[in-house]
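Work through the exercises below with the sequence and the model side by side, and try each task before you read its solution.

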Amino acid sequence: MSALPRASELGLIACTVCGLVCRNVPGDARLDGDGVGDDMACPRCGTTLHRRKPDSYVRTWALLIAAFILYIPANVLPIMRTASLNDVDDNTIISGVVELWRAGSPNLAIIVFTASIVVPMLKFLALGTLLVSSQRGSGWARVQRAKLYRLVELIGYWSMLDVFVVALLTALVRFSVLSLVEPLPGVIFFGLTVVLTMLASMSFDPRLIWDGKDTDD
Ligand SMILES: [Zn+2]
């Protein structure tokens, strides 16, 4: 448990959009001014204020599980078709990696393997760990878990790398011995997995890491 007081204990809420720290007056200050009993709004930019992102656990779990389900066809279905003069190959992510390695592009093989196998697996593990430990109100390694969350957010920007590689290969056709490279349905499932894991990490509220069992709202 942290020795520092939480913003909610001091009656403060930070606006997530403009950063203004507002005083939280319970039962009062319906600041969006329409008179209906709705949530408090930021007096500067009008964004609805929440002490924690609403339904953070449910949304993050839902998005994460959906991403995991879509990750299965992303790996089983072929992601691209390559054709040279004498044969046509449909490659899944793994067979594509092996193919790239054999074709003498180990660097590209490592990039694709990292972007499409290692990174998504680490994201599933990291978000799952954050969800389970926060839901249990665990005080275990809070600083490291906060860092882990920031790392997950950071690598989110780079997860589309694999889709980018398919696009790149498609563009490279005219310079290579391959006469045809085209994306196949697997790449759509992979793209959806990436988008859903990014949404999952966005809907997780990192402030939940610092909440104990007593303050679970
Ligand atoms: Zn604001």
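**Exercise 1. Find what share of the chain's contacts joins residues at least 24 apart.**

Among contacts (heavy atoms within 4.5 Å) between residues at least 6 apart in sequence, 67% join residues at least 24 apart. Residues are numbered from 1 along each chain as its sequence is written. The model is predicted, so local features need pLDDT of at least 70 and side-chain atom pairs count only at pLDDT 80 or more, while totals for chains, interfaces and linings use all residues, and side-chain values use heavy atoms, with hydrogens and water left out.

**Exercise 2. Describe the site of the zinc ion.**

Step one is to list the donors, that is, N, O and S atoms within 2.8 Å of the metal (3.2 Å for Na, K and Ca), remembering that water is not among the atoms, so sites may look incomplete. The SG atoms of Cys15, Cys18, Cys42 and Cys45 coordinate the zinc ion at 2.3 Å.

Step two is the geometry: the angles among the 4 donor atoms run from 104 to 115°, and the site is tetrahedral, a label given to four donors if all angles lie between 85 and 135 degrees. For comparison, the ideal angle for four tetrahedral donors is 109.5 degrees.

Step three is the sequence, where the donor residues follow the spacing C-x2-C-x23-C-x2-C. Cys18 sits in the loop between β1 (12-14) and β2 (21-23), whereas Cys45 sits in the loop between β2 and α1, so this pair ties together parts 27 residues apart in sequence. Here helices (H or I, at least four residues) and strands (E, at least two) are DSSP runs, numbered from the N terminus.

Buried means under 20%, exposed over 50%, and partly exposed in between (1.4 Å probe, protein chains only).

**Exercise 3. Which kind of aromatic pair do Phe68 and Phe124 form?**

Begin with the rule: rings of Phe, Tyr and Trp (its six-membered ring) pair if their centres lie within 6.5 Å, and planes under 30 degrees apart count as stacked, over 60 as edge-to-face and the rest as tilted. The count by this rule is 3 aromatic pairs. Phe68 and Phe124, with 5.1 Å from centre to centre and 80° between the planes, are edge-to-face. Since Phe68 belongs to helix α1 (residues 56-76) and Phe124 to helix α3 (residues 106-135), the pair ties together parts 56 residues apart in sequence. Phe68 is partly exposed at 41% relative accessible area, whereas Phe124 is buried at 8%.

How values were computed:
Four donors count as tetrahedral if all angles lie between 85 and 135 degrees; four count as square planar and six as octahedral if opposite donors are over 155 degrees apart and all others between 65 and 115; anything else is irregular.
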